[in-house]
Structures are given as C-alpha cells and as structure tokens.
Amino acid sequence: MDEREELESDGAALRSHLRARIDLIEVGDLVTYLARPRRPRRLFRVARFSFAVAGTALLLIAALIVGTQFRLSRVPPASSPVATAPPIGLSAKYGVIALTRDGFVVRSEADPNPIRRIEPTSHRYPETVAVSRSGRLVAYWRPPTGGELGDVLMVYDAATNADPHPLVEVPNEFGASLVWADDESGIAFATQLLRGPLPGPPMSIRIVEIANGVAKGPATLLPYHRESAGIGVLQQTVVRPVAWIRETRTVSAIEGTIEGVARNYVTMSEDGPVKRFAVSSGEQVVRLDDVIADPQTRTLAYLVTFRCQDGTPGCTLVRLWTLEDPQQAFGWQNDPGTTFTQLVWRPFTRDLLVVARSDRDRSLTLQVWSSPHFGSSRSIALSQSDASLLLARPDGRAISVAASDGRADLVTLDGTAPSLAADLTPTGGGTPALSVTLDSNEAGRIAGLAPAAPLLSESEIVAQVRKSVGFPDHVDQISASLDRGTFPVAGRAATWTVQATGEFTRNVRGGPGGTPSPAHCAIWTFNARTGVLRGIQMTDATANCS
C-alpha cells in the first residue's frame with residue numbers, strides 16, 4: 001500500500017500530513033496581498049496593438065491622398081496627347097471639292113470616285129462654297145425648294161459624310177459669297193435681293209453664329225450699304241466678305257464691279273460704322289479673285305497688275321495690309337523676267353504662297369514668302385505649265401497646285417518629301433477647288449493646332465535683325481521689347497524695339513577724318529504686325545545702349 005492509500009485510510013495521519021504542509025507556506029506582509037490592476041490578456045493586447053497600427057496606416061494614407069490632391073491642384077493639367085500627322089502623300093484622310101455645272105462633288109485624294117455629290121447648289125457668284133479652318137465643315141447655298149422663298153445656307157460635315165442640314169434661309173434673296181469665322185463659330189455671307197432698282201438689286205452682309213453645327217439664332221444684318229459709283233454712272237456693285245474676326249468683332253470684305261474688278265477694301269464692326277479704302281486706281285488693276293485674307297495673321301494680300309516702266313503692260317506686285325488698319329501696309333514686286341499669277345495663304349503659318357511665271361520659258365515656280373524674311377524664302381519648281389488652282393491642305397503641310405483639267409503637283413511645304421504628280425479630277429468630271437478633311441481624328445488634330453499669331457514673335461524679330469547685320473558688323477548682345485499699342489483695334493500700332501551691342505557701320509559719310517568709327521549700339525524699331533522697319537538709331541554706348 002502506497003503513502004496516498006495510507007493517508008486516505010488513516011484520518012489522524014492525514015491531518016498530521018496537511019498541518020506539516022501548511023507550515024511550510026511562507027506568509028508575507030499584508031500589502032503583498034492587496035488587489036492590483038488586472039493585466040490584460042495577451043490576446044487583447046495583440047488586438048489593441050493591431051488596431052493602433054491599422055489606424056496609423058489609415059491616417060498616413062489619408063494624408064498622402066490629401067497632399068497629392070493639393071499638389072495636383074496647383075499644377076496645370078497635362079495637355080492631351082497630340083495626334084500624329086499623317087505622312088505626306090495622297091491620303092484618304094484628305095479630300096477634294098470639285099465644282100460641277102450644277103454643284104460640287106467630294107472625293108478622296110486617294111480615290112477619284114465621289115464620296116458625296118451635292119447638286120443642285122446656288123452659285124451665281126464666286127466663293128459660294130467655303131471650308132472651315134479644320135477642313136471638316138463645308139458651307140454652301142442651296143436653291144429654294146417647296147415653300148421656301150429664298151436660298152438656304154447649308155452645312156455638310158465632310159469628316160462623317162452625314163447628310164447636309166440647313167442653317168438659315170434668306171427669303172427673297174440670292175446667296176452670294178461666304179466665309180467662315182476665324183474660330184469656326186459662325187459664317188459671314190453676302191446676299192442680293194431677287195429684284196431691285198437700277199443699277200441693280202443691292203447686296204447685304206449678314207453673320208450667323210453656329211454651335212454644334214446648328215445656328216444659334218437668326219442671321220444678323222450688318223450696317224453695310226453699297227457705295228455710289230459716281231454721278232451719272234450706273235454700275236452694279238459686288239461685295240465679297242473675306243474674313244470675320246471674332247475677337248475684334250469685325251468683318252472684312254472686298255467691293256468691286258460685276259466684271260470682277262476690285263475697287264474698295266471694306267471693314268465693318270458687328271454693330272458699328274463701315275470704312276472703305278481704295279485698293280486700285282488709275283492703271284493699277286486688282287481683280288476680285290486676287291484678293292485673299294488670312295484670319296490667323298489678320299492680313300490682307302492682293303495682286304496688282306500695272307504698266308511697267310517701259311510702258312508695256314503686265315508688271316505685277318503683291319501688296320499686304322493689316323485687316324484692322326490698311327495704313328499698316330507693305331508690298332513686294334516681282335523680280336525682272338517673272339510675273340506673279342496666283343496667291344494663297346498657308347494655314348497655321350505666316351507664309352504667303354505665290355506662283356511666279358518665267359517670262360522666258362513660261363515655267364512656273366511656287367515661292368514661299370514670309371513676313372520675317374521680307375520676300376521669298378525659297379522657291380519650288382512646278383511641273384505644271386498652267387497652274388491656275390491652289391488647294392492648300394487644312395493643316396498647311398502641303399498644297400496641290402493644279403491645272404483646270406485636274407493635273408496637279410502635291411507639294412510638300414515642310415521639305416520632308418518630294419513633290420508628287422496627281423490627278424484630282426473626280427470620276428464623272430469636275431474642277432478641283434478646295435481641300436477638305438475626311439477623317440474625324442485628323443480634323444480634331446488640326447482643330448488643336450495653334451494658329452499663327454497676328455503679332456510677330458520676339459524670336460522672329462530678333463532673327464530679322466541678325467539677318468540684316470552683315471559682315472564686318474557683328475552683334476554681341478541683343479534684346480527686344482514689345483509695345484502692344486492699341487492692338488487689335490486700329491490706332492497706335494504695336495511696335496518691337498530691338499537693342500543690340502557690338503559693332504555697326506554708321507550709314508553716314510566720313511568727314512575730314514575719313515570713315516567714321518563704328519557704333520557700339522544699334523536700336524531698331526519695327527511694326528510688330530508687318531515687320532516693316534520704322535527706324536534705326538546708333539550710339540557709342542557700350543553697355544545696354546545707355
């Protein structure tokens with residue numbers, strides 16, 4: 001029998017054993033046995049620690065998000081990716097409007113088959129079909145049908161090839177020349193009464209604003225009235241709008257005779273007076289078709305034909321005006337042995353494209369003119385001998401120089417590819433007249449291009465000064481400052497002042513001492529709209545021209 005069994009059977013032995021065990025227990029001070037705070041269980045401690053870490057993490061994440069949003073709010077948003085321009089060449093993204101006897105057809109550059117045939121149209125006057133800046137929208141006149149009382153202004157989206165839709169009707173009037181606003185937000189157009197007194201029914205000019213391809217309201221009549229042709233002279237007056245600048249709220253037009261001779265440049269406010277300036281007089285002849293306006297640089301260009309110094313007819317020059325003030329003007333005359341024949345503005349640049357014909361062999365060249373270069377910056381030989389049609393692509397990277405039979409040179413204007421021979425005649429016939437954009441993405445790319453600025457930039461004016469300083473003169477330092485004047489309203493012209501230090505030959509005769517010493521400072525003053533030099537001053541200052 002073991003010890004446990006003995007204790008269970010003998011009560012006295014069990015009591016003695018327990019007493020001995022109790023005596024072995026150590027008894028401490030009372031404070032040792034007072035109540036103490038209970039320690040949390042380990043699981044609770046772990047949970048509380050986890051919640052603390054998670055809360056801190058959430059606070060850090062929230063702070064990061066708030067800080068990022070605050071930082072982004074102070075940074076301008078990144079611009080949208082710019083679509084890549086298509087390669088130069090005959091492209092399905094571009095098309096041609098070809099005039100027919102009854103209207104016009106639209107075809108792709110790459111395919112002669114018509115995409116859309118729009119007939120009949122009302123085209124009693126030239127320039128009754130106009131393409132918007134992006135090349136997407138085509139405006140034209142449709143003759144009245146059904147219960148309509150006059151011509152109807154229509155719009156066709158060449159990029160989607162959707163059915164054309166009407167904008168406004170002109171009751172009891174014919175539709176005449178029209179032009180898109182510089183920002184595609186409306187159309188300025190001329191109309192003529194169906195009947196009227198001698199010397200013929202008068203013409204009017206109206207504007208209509210457009211949003212999402214729909215007229216925002218009825219057309220607004222501008223305060224234009226034809227000018228009397230003179231006492232005892234009965235002559236029909238034709239007016240053709242050439243530009244509508246929304247910023248200045250002005251419409252520019254050219255006024256002439258029914259025979260096509262231009263007489264006056266007309267500028268009018270949307271709600272103000274009409275001003276006229278003569279464009280031809282005496283033996284200087286200007287044709288209505290030879291007057292073109294660039295709404296981006298806000299410049300008018302026209303071709304003048306006159307008698308040469310030896311008395312023979314046929315000499316030509318190009319004259320340019322600012323739209324808001326024709327007194328800011330300059331001109332270029334053709335070189336001996338050549339004659340200017342055609343003009344067109346190159347979109348999104350400051351370039352004027354001029355076709356020149358050699359008097360010796362009748363060959364043609366395309367000259368690229370630019371205000372900062374004061375004349376032709378380069379010439380491109382053309383294979384055509386009768387290039388009477390100029391179709392500039394809407395993005396300005398190429399131009400088709402075509403004959404009336406549709407044979408054309410597709411000329412690359414940025415020099416990245418050689419010229420290509422093309423035939424722009426549509427199947428079934430038609431005369432190429434205008435370039436359009438047939439692709440929505442390409443039209444969006446063009447719409448996003450920055451237009452050429454009306455004022456010359458600092459880099460352009462500085463480059464012009466550097467070009468004018470020839471050997472042995474030299475420029476050490478150069479700076480330019482702009483006085484905007486009252487631009488864009490006519491008045492005090494905007495002016496660039498350029499200061500340069502270096503060595504510059506004085507344009508004066510030497511005295512008894514011989515040739516004068518070179519100047520160390522030169523100050524040029526330019527018209528900031530035309531680039532015309534207004535004056536130059538030289539001093540002996542060696543630092544900052546002071």
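How do the residues of the lining of the largest pocket divide into nonpolar, polar and charged?

Mentor: Keep in mind that this is a predicted model. The lining divides into 30 nonpolar residues, 12 polar and eight charged. The pocket has a volume of about 1600 Å³. In total, 50 residues line it. Closest to the centre of the pocket are Glu 127, Ile 292, Val 344, Ala 433 and Leu 434.

Now the strands. Seven runs each supply at least two residues of the lining: E4 (129-131), E8 (173-180), E13 (237-245), E17 (291-294), E21 (338-345), E25 (389-392) and E29 (431-437). The largest share comes from E29, with five residues.

One is the disulfide. A search of the whole structure finds one. Cys 308 and Cys 315 form it, with their sulfur atoms 1.9 Å apart. The link is right-handed, with 110 degrees about the S-S bond. Cys 308 counts as buried because its relative accessibility is 18%. Cys 315 is buried too, at 16% relative accessible area.

The other is helix H5, residues 458-468. Ile 461, Val 462, Gln 464 and Val 465 are buried there. Down the helix axis, these buried residues fall within an arc of 155 degrees, so they line one face of H5. Strands E30 (474-483), E31 (495-504) and E32 (519-527) are among what covers them. The face turned away from the buried side carries Ser 459 and Lys 467, both exposed.

Methods: Residues are numbered from 1 along each chain as its sequence is written. This is a predicted model: local features need pLDDT of at least 70, side-chain atom pairs count only at pLDDT 80 or more; totals for chains, interfaces and linings use all residues. Side-chain values use heavy atoms; hydrogens and water are left out. On a 1 Å grid over the protein atoms alone, a cavity is a set of points where a 1.4 Å probe fits but cannot get out, and a pocket is an open set with protein on both sides within 12 Å along at least five of seven lines; lining residues have an atom within 4 Å of a point. Grid points are joined across faces, edges and corners, and a volume is the space filled by probe spheres set on the points. Helices (H or I, at least four residues) and strands (E, at least two) are DSSP runs, numbered from the N terminus. Ala, Val, Leu, Ile, Met, Phe, Trp, Tyr, Cys and Pro count as nonpolar, Asp, Glu, Lys and Arg as charged, and the others, Gly among them, as polar. Buried means under 20% relative accessible area, exposed over 50%, partly exposed in between (1.4 Å probe, protein chains only). The arc is that of the directions from the helix axis to the C-beta atoms. Contact means heavy atoms within 4.5 Å. A disulfide is a pair of cysteine sulfur atoms within 2.5 Å.
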